[in-house]
Amino acid sequence: MTTLTTVTLQDEVHTLLAQLGVSREAYTGGDLIVRTPITGEVIAHVPRITPSATADAVAKAHQAYLEWRNVPAPKRGELIRILGDELRAALPELGRLVTIETGKILSEGLGEVQEMIDICGFAAGLSRQLAGLTLPSERPSHRMMETWHPIGAIGVISAFNFPVAVWSWNAALALVCGDAVVWKPSEKTPLTALATHTIFLRAAAKFGGVPDGLAALLIGDVSAGEQLVASPLIPLVSATGSTAMGRTVAPRLAARFARAILELGGNNAAIVAPTADLHLTVRAVAFSAMGTAGQRCTTLRRLIVHESIYDTLVQQLKKVYASVVVGDPREPGTLVGPLIDERSFKAMQQALEQARSAGAKITGGDRIPFPESPQAFFVRPALVEIPTQTDIVKHETFAPILYVLRYLEIEDALALHNDVPQGLSSSIFTMNLREAESFLSAAGSDCGIANVNIGTSGAEIGGAFGGEKETGGGRESGSDSWKQYMRRATNTINYGTELPLAQGVSFDID
Ligand code: NAD
């Protein structure tokens, strides 16, 4: 285990915020208390937005959209290119701030900002490719085509564990599509949001002529998110968080026919088949299950292992679980940082208790005390060998718990794999082509992400990201996810002198 340094984190955070250009009033004197999970100490008191200021921000964003939609898309892409440059310049400070605010290890904090830079590159290119189809018309001298138009000011609600990348996946695309963006970040991570917003404003000033309020930030709790969801000026909300949140938000959006991109909880599994390359599998499982202290939506939570290799693999994993370095996420050797808070620790302990009463054998899972930071919650990741897929295994506990199950026939492994309410990410480790292709086929994994010989976490921005069932069905980031941020118009143009009707209908008024 690494040791915690005694430098106060509040000082370090305030220095980072100043370096990033955030004004002191934005993080002092308010009543939203921000703690770092590294020590549990208070690092900021952030003022919350009032309901009337929220309403103003939404109205302003709508006005900004009315202007922004008329700016040519490649020009809008230029703003995002500049945003990417600003993020690149801010990478060391913002990445470190992500680490301090969320507790993820420094390489992951920096990786999160890198992901923001990457999506800006993607979106800048996309701004010249918002292409619609031209389709054959059934009528002579007619042309039929699709055009894509901006839809309005969109809402983004984000979770604590990816405090800034999720905003960028949505905002970079939405802004090149001609929308405005109103962001309600997690109440646990307002500082990285403030820093990101400041970076955006810097990019906007360099671009020049960006309508005021084009990207708004609502710092507050659930009520600010509720107001955003209820606003008739917001035609789309992209909401990332727990399935419980999605259950509240989705019907409210549906009631006013607004669009929803829902990115909710996962319960991701990997099947390890007899031919798997075990060396590679152990590394992939270790990162997917223990990385980010088990606090990724794509974290590996269930490992379904063939009977013939079960003992060998579990023995190797136990060694890794016992030796993985848990501690200060700022230290280079650390692989597992703290849980976000006490609530998360208690949820983990309750899940382990339930697994124990279902006959599970548990390795790890205990709290690792740091005398100098009694309010922090560091845990040794838990490896839980469990005889059957009980209710607790089917539930997403947002902590580093990996349930291990056995199988004999691949059909049984697949059935176990799909028999959970969530459907985000999945993997198979095999050198058998039939197994790999079956896993990716229509009858295979029912998840939005299905991988072969890599873990469940660590998706690239180029692909569409999201999951099925209780994960919500949304898709963000790459591929053609941009289409959700635009409205499609089908246009038919008659360049002839006759007026033939579709389907051969005749309506002769002469
Ligand atoms: P959370 O549901 O507690 O909060 C997420 C966000 O939703 C916060 O900003 C919160 O203020 C807001 N919110 C909550 N209730 C709301 C309501 N009724 N109306 C409007 N806004 C509301 O989630 P969390 O603890 O921050 O994050 C962890 C969860 O997020 C896990 O379940 C994880 O799997 C999920 N997650 C999913 C993805 C994905 O892409 N599928 C990515 C990251 C996290």
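This is a predicted model: local features need pLDDT of at least 70, side-chain atom pairs count only at pLDDT 80 or more; totals for chains, interfaces and linings use all residues.
A polar contact is a pair of N or O atoms within 3.5 Å; within protein, one must be able to donate a hydrogen and the other to accept it, and residues adjacent in sequence count only if both atoms are side-chain atoms.

View 1. A backbone N or O atom of Gly241 sits 3.3 Å from a ligand oxygen atom. For Glu263, a backbone N or O atom is 3.4 Å from a ligand nitrogen atom. Glu396 places a polar side-chain atom 2.6 Å from a ligand oxygen atom. Protein covers 90% of the 860 Å² of accessible area that the ligand has on its own (Shrake-Rupley method, 1.4 Å probe).

**View 2. The shell around the ligand.** Of its 27 residues, Lys184, Glu187, Ser242, Leu264 and Glu396 come nearest (a residue is near if one of its heavy atoms lies within 4 Å). Helix H7 (222–230) and helix H8 (243–255) each give two or more residues (helices are DSSP runs, H or I, of at least four residues; strands are E runs of at least two; both are numbered from the N terminus).

**View 3. An open sheet of seven strands.** The order is E12-E15-E16-E11-E10-E18-E19, with mixed pairing (two strands pair if DSSP finds at least two bridges between them). Strands E12 (361–363) and E19 (449–452) are the edges. E15 (382–385) and E16 (401–407) run parallel, joined by four bridges. Ala382 has Ile401 as its bridge partner in E16.

Residues are numbered from 1 along each chain as its sequence is written. Local features need pLDDT of at least 70, side-chain atom pairs count only at pLDDT 80 or more, totals for chains, interfaces and linings use all residues, and side-chain values use heavy atoms, with hydrogens and water left out.
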